[in-house]
Amino acid sequence: MKKLMFVAAMAISAAAFTSCGNGTPKADLKNDIDTVSYALGMAQTQGLKEYLVGSLGVDTAYIDDFIKGMNEGANAGEDKKKVAYYAGIQIGQQISNQMVKAINRQLFGEDSTQTISLKNFMAGFITATTNKTGLMTMEQAQETANNKMQEIKKAQAEKQFGANKKAGEDFLAANAKKDGVKTLPSGLQYKVIKEGTGAIPADTSLVKIHYEGKLVDGTVFDSSLQRGEPAEMYANRVIKGFTEALTRMPVGSEWEVYIPQELAYGEREAGQIKPFSALIFKIQLLEIKK
């Protein structure tokens, strides 16, 4: 028989609470219904402590207050006014302990000194919940949230990884002056090591290549050459600078390609590649598969 759980996704871990008797009804097991009711009540607390502390942020020093609120909620029955009020308390706690914290992490990373405005968040949340006319439509709110979040995240990344950006810019400025290095209007640079004579891929082509990717400090972050296995990829399913290089290379070519951060991962982080990193690739175009 499956164990009963307080919340389905909760870890199965026995945890019982005591509340110094405060607010705890006295059990009276007169019959089977009384007994099964009591047993079910106890069984349903499995994992409750972990859930309260880990997910809801409840301090167990205030367990009496939790019991008081729980009793009030349980005894509210179908009183619609009380049901609505307790639902508001629950959602409010989720906003405070989950939503806002998650948004802050997304926007500001590990910088705990910064936070969104709870006042303005609640103004927008309540306006939409009550179907009142707000400062923007729902569509505008979604678009504005997406755009502004990207702007803020980019500004945060520039603040944290500005040195990366400058290192890439300095490298590319010096590299552009070297013999054999060509610079395209996009800012992409390349040097032909071996000129092929085959066809040139379209951006939709599936190609077979060998490659090695490095940071400007020489750190190798990926290499099919080291793995000893060529890679197959669609030319338009990689970073912009890689696509631009592939769609200019005849089959049989080997190029060294220097990609500015804006044609690479920009403000995003990808494994060993930190935000605003310029990248260097050695690419051998072996075949156009289709």
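## Reading the cut-offs in this model

Student: Why is Lys-165 counted as partly exposed?

Tutor: Lys-165 has a relative accessibility of 23%, and since buried means under 20% relative accessible area and exposed means over 50%, with partly exposed in between (1.4 Å probe, protein chains only), Lys-165 counts as partly exposed. The structure is a predicted model, in which local features need pLDDT of at least 70 and side-chain atom pairs count only at pLDDT 80 or more, while totals for chains, interfaces and linings use all residues. Residues are numbered from 1 along each chain as its sequence is written, and side-chain values use heavy atoms, with hydrogens and water left out.

Student: What makes the pair of Glu-158 and Lys-165 a salt bridge?

Tutor: The N to O distance between the side chains of Glu-158 and Lys-165 is 3.7 Å, and the rule asks for a side-chain nitrogen of Lys or Arg within 4 Å of a carboxyl oxygen of Asp or Glu, so the pair qualifies. Glu-158, at 31% relative accessible area, is partly exposed. By this rule the count comes to seven salt bridges.

Student: How do you know that Lys-166 and Asp-170 are separated by about one helical turn?

Tutor: Lys-166 and Asp-170 are four residues apart in helix H6 (residues 138-175), and therefore about one helical turn separates them; helices here are DSSP runs (H or I, at least four residues), strands are likewise DSSP runs (E, at least two), and the numbering starts from the N terminus. The closest N and O atoms of Lys-166 and Asp-170 are 2.8 Å apart, and the two residues form a salt bridge. Asp-170, with a relative accessible area of 42%, is partly exposed.

Student: Which salt bridge links distant parts of the chain?

Tutor: Glu-232 forms a salt bridge with Lys-289, with 3.6 Å between the closest N and O atoms. This pair links distant parts of the chain, as Glu-232 lies in strand S5 and Lys-289 in the segment after S7, 57 residues apart. Both ends are partly exposed, Glu-232 at 46% relative accessibility and Lys-289 at 38%.

Student: Why is the pair of Tyr-85 and Tyr-86 called edge-to-face?

Tutor: Rings of Phe, Tyr and Trp (its six-membered ring) pair if their centres lie within 6.5 Å, and planes under 30 degrees apart count as stacked, over 60 as edge-to-face and the rest as tilted. The ring centres of Tyr-85 and Tyr-86 are 5.6 Å apart and their planes stand at 70°, so this pair is edge-to-face. Tyr-85 is exposed at 53% relative accessible area, whereas Tyr-86 is partly exposed at 24%.

Student: What makes Phe-121 and Phe-125 a stacked pair?

Tutor: Phe-121 and Phe-125 are 5.9 Å apart from centre to centre, with 25° between the planes, and this aromatic pair is stacked. Both residues lie in helix H5 (residues 118-129), four residues apart, which is about one turn of the helix. Phe-125, at 29% relative accessibility, counts as partly exposed.

Student: Which residues have the most contacts inside the largest nonpolar core?

Tutor: A nonpolar core is a set of buried Ala, Val, Leu, Ile, Met, Phe, Trp, Tyr and Cys residues joined through side-chain atoms within 4.5 Å. The largest one has 27 residues, and those with the most contacts inside it are Ile-209, Phe-242, Val-257 and Phe-281. The elements that give two or more residues to this core are strands S3 (206-215), S5 (231-234), S6 (254-259) and S7 (279-288), together with helix H8 (240-246). A second, separate core of five residues includes Val-181, Tyr-258, Ala-278 and Ile-280. Ring pairs also link Phe-242 and Phe-281 with Tyr-211 and Phe-221 into a cluster.

Student: Why is Thr-243 called buried?

Tutor: Thr-243 has a relative accessible area of 14%, which is under the 20% limit, so Thr-243 is buried. Thr-243 is found in helix H8, and, not counting residues up to four places away in sequence, Thr-243 touches Asp-203, Ala-235, Asn-236 and Val-238, where contact means heavy atoms within 4.5 Å.

Student: Is Phe-276 counted as buried or exposed?

Tutor: Phe-276 counts as buried, at 2% relative accessibility. Phe-276 lies in the loop between S6 and S7 and has a positive phi of about 65° although it is not a glycine. Asn-131, in the loop between H5 and H6, also has a positive phi, near 60°, but Asn-131 counts as exposed at 72% relative accessibility. Most residues other than glycine have a negative phi.
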